[in-house]
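Subject: Structure handover

Hi,

Here is the structure I promised to pass on. Could you have a look when you get a moment?

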Amino acid sequence: MLRGKKVIVAIIIVGLTLSYLVYAGVKETMIYYLTISEMIERVPAVYDNKIRVSGNVVPGSIKKELDGRLEFVITDGEHNVEVKYKGVIPDVFRDEVEAIVEGTYTPENVFHADLLLAKCPTKYESTEGLELRKEGYRKKDYEKGVYKPDAPPKGESI
Amino acid sequence: MAEIGTVSLYLAFIISLYSMTAALLGAKSRRRDLIKSAESGLYVVFFLLTLAAASLVYALLVRDYSLKYVASNTSNDLSATYRVTALWAGQAGSLLLWAWILSIYSALVAWFNRDKRDELIPYVYITLSAISVFFIFLIGFVESPFERLAFTPGDGRGLNPLLQNAYMAIHPVFLYIGFVGLSVPFAFGMGALLSGSLGGGWIRSSRRWTLFAWTFLGLGLLLGARWAYLELGWGGYWAWDPVENAAFMPWLTATAFLHSVMIQEKRGMLKKWNMSLIIITFFLVLFGTFITRSGIISSVHSFAQSDIGPLFLSFIAFVLLFSFSMFLLRQGGLKSEGRFESFLSRESAFLYNNLIFLAAAVSVFLGTIFPIVTEALKGEKILVGPPYFNRVNVPMGLVLILLMGIGPLISWRKASRENFIKNFSYPTVFGALTAAVLLFLGMREVYAVISFSLCAFVTATVAVEFWRGVRVRCRRGENPLLALSRLVSKNRRRYGGYIVHVGFVLIVIGITASSAFVIRKESVLNKGETMTVGKYLLRYDDLRQYTIEAKDVTVASVSVWSGDKSLGVLRPESNLFHYSGNREIDKETEVALRSTIKDDLYIILAGFDSGGRASFRVLVNPMVSWIWAGGVVILIGATFTMWPSALERRQEQAVVYPAEVEGKGTAKT
């Protein structure tokens, strides 16, 4: 049975190593995922940690620079928070979507994000908006002279 | 046409219920006619679901917008190809695809086992029909793809632009063929538990199905990674996103299963372990489908959300509860026939391999459900991100590569010192040499050096195996090429497995190189200005816009040089789809990619302004193409392994009959 025990020892070693890896991994990489209100409640303790916050993008608040810097305001209906970000902007990101940002919150009510995710609104699968198309109705903002084939672009920098 | 679909679904539901009942009664009363009737039921369900799927495809093709599914997922300007692939763009359609693929598998299982009088076969039919009942119930009664709208719109909402990509069009099908295919070994496992014939029969009968499903699942993962790489425009291929994890976990446990069944076949050990593994794998398949389709965890891939969540959870709970109770009830019959004699033996190497695969699956599972658990326990959502998954999985992955080299060469039962020296001296030297050269060349990334030298080690062990086999045959007077082809075709399982391992080595090399040595750079350029990224020189030449039927295209022309050598023009795009505001997602970034065996030049058009200035995000990703090449090699190896050899066919015919007379728990085949 001595040999059988060796195998059990090996199993225990694998188990312990896994537990350690998971424990250390969780401890060092865990991030609180808060709503905006929860974040405001936790001031000032929240300033020290990296957190993840989600809120809806306030329409018209998106300011985008060509070099990739992005500023916008997210809201949960009660509080507004200004977000500053630089990096990859998801194709889904636009007014009113739910934006999920990860980074640090500062006393100036500015959130410095290093990660931006955008979630499609839940009406994605709904039939809302189909009404408009009853008669094959179709409006093309793009065709109002903003875009011309092969002409230099005049559109906004999206 | 839609009515045909609906009626087919209802009929398929009833017939699945019938097959289940008939097989159950047939198994209890040992009436062959009832079992045969259940078998016919499986064929009929396949026919009906084919009809249902065909009628939905037809509705998609003829733009029947009176159907909610068609109106929500297509539009007039969508091409015919993507109208067909819209079958799995939404929830109802992809569940229909699930059920349909299951019915194909069920019919094939019935066909291949039509002449077997095996005790467990009726129970396999019961299990497959039960799963089928659940899925048909979902699409027939809860979330029907044939649901009508109160009015008929003139145009639909369009297909998500992210889904309009060749890889996205086929990758869900591959994943589903893999996912659903894992129901077959599960059904055989359940068949063994329910019937009590717990010998190796269930594993032998389902081995090829498992391999087939596993191959497709793996390829599906790779195709999905390739889709993310080409379409999501952030330069990576894997992000430990919940949906990626959902498909990755069953792959991990299925891989463990593929290895541990060999121990059961060869030594009659690990029977309980194998049974648990296949139950866990099937649980993870259902859990994966659930995560993807319920939207419970926010993810970039959750394209659909709905209220089938509770139903799905109940089904998962039922499957787990039922299968593990059966397992406990029958565990007496799953006694091991051998035992581990040494911790340095092939059995043990396979056991460690299994433990680590399972550990990896557990760690991914924990990380994925962590926010749900913490929210339930503490009322706070706490996330763990990609760093967690990398920290935990990279070390385990490295040990797995090491085992991949050791496992095939170490001897059974107990490895002697001679065995070690004989088999591992060349590979060890080769691995160490690789490490030395890399360090000498200035590579200081610890993980990368370890990973590359382990890959060298594994490659050398495989080469040694091939060389030995060929040499033996050459001595008998065969020429080397003939010897090689005979060697592989006479031992398909073994050498096919080695080829799969080589495919993995390629993937690991690609992942290591592209994660350790990626170069990223962002720049805003005026026309005519240049930027340097790694060895590449890029000049932004021009920006053009034009409109095609489905979208407005903005395309930048970037000339590329490497040193003095011109590499031509790359054209990254940023597109706006015409959806008249009905689709929330209308933007699409089309990256420009120049892929070589050494590295990928990956250009994203991140933005532009009215003055013609444009901002670019550029990556040089080393050796990414090795990952895709590895996928091809795995496919080749897996095909070799699955292809029945003449010898195996004879053996299989010989073992069909003994399996029948296996008594409870006394099986020794």
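Below is what I found, starting with conventions and then going through the chains.

This is a predicted model, so to speak of a local feature I needed pLDDT of at least 70, side-chain atom pairs count only at pLDDT 80 or more, and totals for chains, interfaces and linings use all residues. Residues are numbered from 1 along each chain as its sequence is written, and chains are lettered from A and ligands numbered from 1 in the order in which they are written.

Chain A

Chain A has two helices and seven strands; helices here are DSSP runs of H or I with at least four residues, strands are runs of E with at least two, and both are numbered from the N terminus. Read from the N terminus, the order in chain A is α-β-α-β-β-β-β-β-β. Chain A has 158 residues, and 27% of them count as buried. For that label, a residue needs 20 or more other C-beta atoms within 10 Å of its own, while 12 or fewer makes it exposed and anything in between partly exposed, with C-beta atoms placed from the backbone. Among the contacts in chain A with a separation of 6 or more, 45% are between residues 24 or more positions apart (a contact means C-beta atoms, placed from the backbone, within 7 Å).

One backbone detail in chain A: the peptide bond between A:V43 and A:P44 is cis, with omega at about 5°. A:P44 sits in the loop between helix 2 (36–41) and strand 2 (51–57) of chain A.

Chain B: helix packing

Helix 8 (residues 183–195) of chain B turns up in two of the pairs I looked at. Against helix 12 (residues 309–330) of chain B, helix 8 packs at an angle of about 45°, and the axes are 9 Å apart. (Axes are lines fitted to C-alpha atoms, for helices over the stretch in contact, and angles run from 0 to 180 degrees between N-to-C directions.) That makes helix 8 of chain B oblique to helix 12 of chain B; angles under 35 degrees count as roughly parallel, over 145 as roughly antiparallel, 65 to 115 as roughly perpendicular, and the rest as oblique. The crossing of helix 8 and helix 12 of chain B is left-handed, i.e. the near helix is turned anticlockwise from the far one by less than a right angle, whereas clockwise would be right-handed. On the helix 8 side the contact involves B:M190, B:L193 and B:L194, and on the helix 12 side B:S323, B:M326, B:F327 and B:R330. By class, that contact of helix 8 with helix 12 of chain B has five nonpolar, one polar and one charged residues (Ala, Val, Leu, Ile, Met, Phe, Trp, Tyr, Cys and Pro count as nonpolar, Asp, Glu, Lys and Arg as charged, and the others, Gly among them, as polar).

With helix 9 (residues 201–231) of chain B, helix 8 of chain B makes an angle of about 165°, with axes 8 Å apart. Helix 8 and helix 9 of chain B are therefore roughly antiparallel, and their crossing is left-handed. B:V184, B:P185, B:F188, B:G189, B:G191 and B:A192 of helix 8 meet B:W202, B:S205, B:S206, B:W209, B:T210 and B:A213 of helix 9. Those residues divide into seven nonpolar, five polar and no charged.

Helix 9 of chain B also holds B:F216. This residue, B:F216, is buried, with 23 other C-beta atoms within 10 Å. Leaving out residues up to four places away in sequence, B:F216 touches B:F174, B:I177, B:G178 and B:G181.

The other pair is helix 15 (residues 417–440) and helix 16 (residues 446–475) of chain B, at about 150° with axes 8 Å apart. Helix 15 and helix 16 of chain B are therefore roughly antiparallel, and their crossing is right-handed. Their contact has 14 nonpolar, five polar and no charged residues.

Chain B: positive phi

B:R63 has phi near 55° and lies in the loop between helix 2 (32–61) and helix 3 (68–73) of chain B. Phi of B:W240 is near 55° too, in the loop between helix 9 and helix 10 (242–267) of chain B.

Cheers

Terms used: Two residues are in contact if their C-beta atoms, placed from the backbone, lie within 7 Å.
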